[in-house]
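Here is a short briefing on one protein model. Look over the sequence and the fold, then work through the points below by topic.

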Amino acid sequence: MASAAGNAPRLWALVAREVWRRTRRRLRAGPVYRWRYTGRTPERVLIAPPDLRLADPQIALEIYYGRFPLAGHLVETGGQSPFQMPVVHRGWLKALHGFRWLRHMRAAGTELAAANARALVSDWIATHGGKISGTAWDPATTARRIIAWLQHSSVVLQGAEFPFYRTFLRSLAVQIRYLRSMAPEMPDGSERLRGRIALAFAALSLPAPGSAIRSATRNLAEELDRQILPDGGHISRNPLVVLELLADLLPLRHTYANQGETPPEALIGAIERMLPALRFFRHQDGSLARFNGMGATIQDRIAAVLRHDDTAGAPLLHAPHSGYERLSMGGTTVIADTGMVPPPDVSGHAHAGCLSFELSSGRQHYVVNAGVDDFGADDFRPLARATAAHSTATLNDTSSARFSHSARVNGLLRTPLVAGPRHVPSQRTDADGTQGFVASHDGYVSRFGLFHERELTLSDGGNLLEGVDRFFRAGGETPRSNGRDLVTLRFHIHPETQLYRDGQGRLVLAAGGADSWAFSCDAMPADIEESIFFAGLGGPRRTSQITLSFKASEIPEIAWQLTRTRVVEPPRPEASHSTRTIFGDTPV
């Protein structure tokens with residue numbers, strides 16, 4: 001694995017590129033370039049693309065009364081313009097200027113909702129339409145706004161007089177020309193891809209020459225081919241990105257068909273790969289596994305997307321390009337991270353969770369990763385991204401991947417991973433009546449000289465999950481006793497699952513009337529410690545974790561089991577044996 005020092009030149013190259021990108025953005029937003037965004041105003045909107053995202057008429061009513069519940073944050077305007085409110089919550093501002101909330105007005109289906117939508121769009125044009133600056137004109141936010149204005153143009157233009165109709169189209173045209181200019185300078189990853197999606201929507205939904213449609217289609221295809229992996233995952237390795245992109249790509253495919261245009265093969269292929277990938281990450285209750293930036297799941301959002309999945313059948317079990325494995329039988333699902341860290345320029349939300357896993361049985365979760373608080377304070381994110389927030393092993397309370405601690409770098413690149421596992425071989429070990437894999441990573445080799453290998457096997461009709469964790473030096477040699485071989489295995493428990501000891505001394509994971517699972521390890525007794533589950537819909541929640549602590553030089557290989565037992569009514573949860581640590585003593 002490359003050391004942090006070895007990654008420094010690449011990191012600073014990324015910083016230099018980001019500084020240059022932002023400089024070019026400021027130049028293109030200035031008066032020298034702004035004349036390029038003027039031009040002919042489209043005569044009409046040809047088609048309003050569909051929107052697969054969930055809509056709630058009640059939210060339309062809340063917005064009418066000046067209450068904007070966006071990005072997990074509520075702002076009451078008190079009669080003022082929301083676009084002039086002094087709000088510091090960046091997520092709320094991006095959601096406000098992205099206009100995806102227009103779908104709630106469309107769902108309301110009333111003249112009042114349409115008039116309110118029109119008034120808010122008019123307010124934005126008057127407040128921000130004439131000055132390209134700030135959050136309102138961030139290219140990623142502009143892309144979302146273009147898509148939203150096109151998708152919900154029918155409600156915005158319902159009952160509109162001709163002057164507003166022309167003003168709306170003129171502003172839309174300026175935003176499209178601006179985004180077309182900025183798209184090559186957008187950060188790599190899903191934001192740049194969404195910019196290309198927005199431009200394809202615009203070329204299809206507004207009167208445009210054939211050359212414009214071909215250009216938008218070609219640029220979209222190039223980004224899809226580069227960003228969507230052969231197994232349907234995204235280069236960021238974030239399951240949430242797959243869901244969010246599908247919510248835009250499926251309507252785009254529909255829009256191509258409605259306009260009599262042939263969608264690019266890259267679009268068709270990407271969707272056909274991404275739909276099974278989304279099901280790969282899905283537990284039986286409909287939620288997505290919490291890896292690399294995934295937080296709370298609203299199951300109805302996934303169901304709305306998967307209604308378009310014609311590939312009926314069981315999900316795939318092996319995602320080698322994305323770096324994940326899945327075990328599934330008898331109502332038990334295990335999903336594990338067996339991949340390398342993503343490239344630094346798309347690792348701003350990635351986690352140090354290599355070889356971590358989640359276990360669900362039926363519709364209940366038992367062993368989980370901590371996930372992220374999607375709308376909470378940024379202070380929690382470093383904790384949520386640490387290895388100790390995942391159900392895997394840490395060495396010396398240190399994460400298997402390292403994050404940048406430079407304020408300048410983090411301000412530009414969103415705290416990228418600067419070092420981590422670069423070689424993660426994984427091999428399936430499926431046999432009759434069993435599913436399993438064995439994988440290892442080198443994330444600790446440069447600092448401690450040790451490899452971590454994990455073997456998981458699901459058998460007995462899904463009633464038994466057997467795990468073996470091994471630690472060894474290069475060539476398979478046993479670790480040395482040098483004071484730098486302290487291992488902590490963590491199994492984070494879902495907050496709705498109770499944890500207690502039964503009469504045999506086993507730790508039992510129980511969830512009301514759902515299945516119970518018993519954790520056992522013959523090599524040593526397990527401890528119970530406090531933990532935090534960040535991915536709750538209502539924010540972080542206290543929970544527990546099972547821990548096994550030992551020296552790799554003394555126990556280089558440790559086996560443990562999770563056995564499904566009969567449904568029982570659990571006694572009161574046992575208090576934590578230790579409150580020494582939640583996510584380790586040493587900062588990441």
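A salt bridge here is a side-chain nitrogen of Lys or Arg within 4 Å of a carboxyl oxygen of Asp or Glu. By that rule the count comes to 27 salt bridges. The model is predicted.

**Salt bridges**

- Side chains of opposite charge can pair when their charged atoms come close.
- Arg100 pairs with Glu244 in a salt bridge, and their closest N and O atoms are 3.7 Å apart. This pair links distant parts of the chain, 144 residues apart. Arg100 sits in the loop between α4 (90–98) and α5 (102–108), while Glu244 belongs to helix α12 (residues 239–258).
- Is Glu244 buried or exposed? Its relative accessible area is 14%, under the 20% cut-off, so Glu244 counts as buried.
- Arg301 also meets Glu244 in a salt bridge, at 2.0 Å from N to O. Here too the pair links distant parts of the chain: Arg301 is in helix α14 (residues 299–306), and Glu244 in α12 is 57 residues away.
- Arg301 has 28% relative accessibility, so this residue counts as partly exposed.
- Which residues make up the network built from salt bridges that share partners? They are Arg53, Arg100, Arg194, Glu244, Asp248 and Arg301.
- Asp188 and Arg192 form a salt bridge, with an N to O distance of 3.9 Å. Both of these residues are buried.

- Strand β12 covers residues 435–441, and seven of its seven residues are buried.
- Both faces of β12 are covered. On one side are Gln435, Phe437, Ala439 and His441. On the other are Gly436, Val438 and Ser440.
- Strand β11 (residues 426–428) pairs with β12 in the antiparallel sense, over three bridges. Within this pairing, Gln427 has Val438 as its bridge partner.
- β11 and β12 form a hairpin, with six residues between the strands. In the turn, Gly433 has a positive phi of about 80°.
- How many bridges join β12 to strand β13 (residues 451–459)? There are seven, and the two strands run antiparallel. Opposite Gln435 stands Leu458 of β13.

- An α-helix has 3.6 residues a turn, so residues three or four places apart point the same way.
- Buried residues of α6 include Ala113, Ala114, Asn116, Ala117, Arg118 and Leu120. Val121, Trp124, Ile125 and His128 are buried as well.
- Helix α10 has 16 residues. From its first C-alpha to its last it reaches 22 Å, close to the 22 Å expected at 1.5 Å a residue.
- Why is α10 described as largely enclosed by the rest of the structure? Because 15 of its 16 residues are buried.

**Second largest pocket**

- The second largest pocket holds about 440 Å³ of space. It is lined by 19 residues, and the closest to its centre are Ile176, Arg180, Ala203, Ala208 and Ala212.
- Elements that give two or more residues to this lining are α9 (162–182), α10 (190–205) and α11 (210–227). Of the contributing elements, α11 gives the most, with five residues.
- What kinds of residue form the lining of the second largest pocket? The lining divides into 13 nonpolar, two polar and four charged residues.

**Contacts between separate parts of the chain**

- Asp485 lies in the loop between β14 (464–472) and β15 (486–493). At 2% relative accessibility, Asp485 counts as buried.
- The C-alpha atoms of Asp485 and Lys551 are separated by 5.4 Å, although the two residues are 66 residues apart along the chain.
- Phe448 lies in helix α17 (residues 445–448). Its relative accessible area is 15%, so Phe448 is buried.
- Phe448 and Pro479 are 31 residues apart in sequence. In space, C-alpha to C-alpha, Phe448 and Pro479 are 9.7 Å apart.

Note on methods. Residues numbered from 1 in each chain as written. Predicted model: local features only at pLDDT ≥ 70, side-chain atom pairs only at ≥ 80, totals over all residues. Heavy atoms only, no water. Buried < 20%, exposed > 50% of the residue type's maximum accessible area, 1.4 Å probe, protein only. Helix = DSSP H or I, 4+ residues; strand = E, 2+ residues; numbered from the N terminus. Pairing = 2+ DSSP bridges. 1 Å grid on protein atoms, 1.4 Å probe; cavity = no way out; pocket = protein on both sides within 12 Å on 5 of 7 lines; lining within 4 Å. Points joined across faces, edges and corners; volume = space filled by probe spheres on them. Nonpolar A, V, L, I, M, F, W, Y, C, P; charged D, E, K, R; others polar. Expected span 1.5 Å × (residues − 1).
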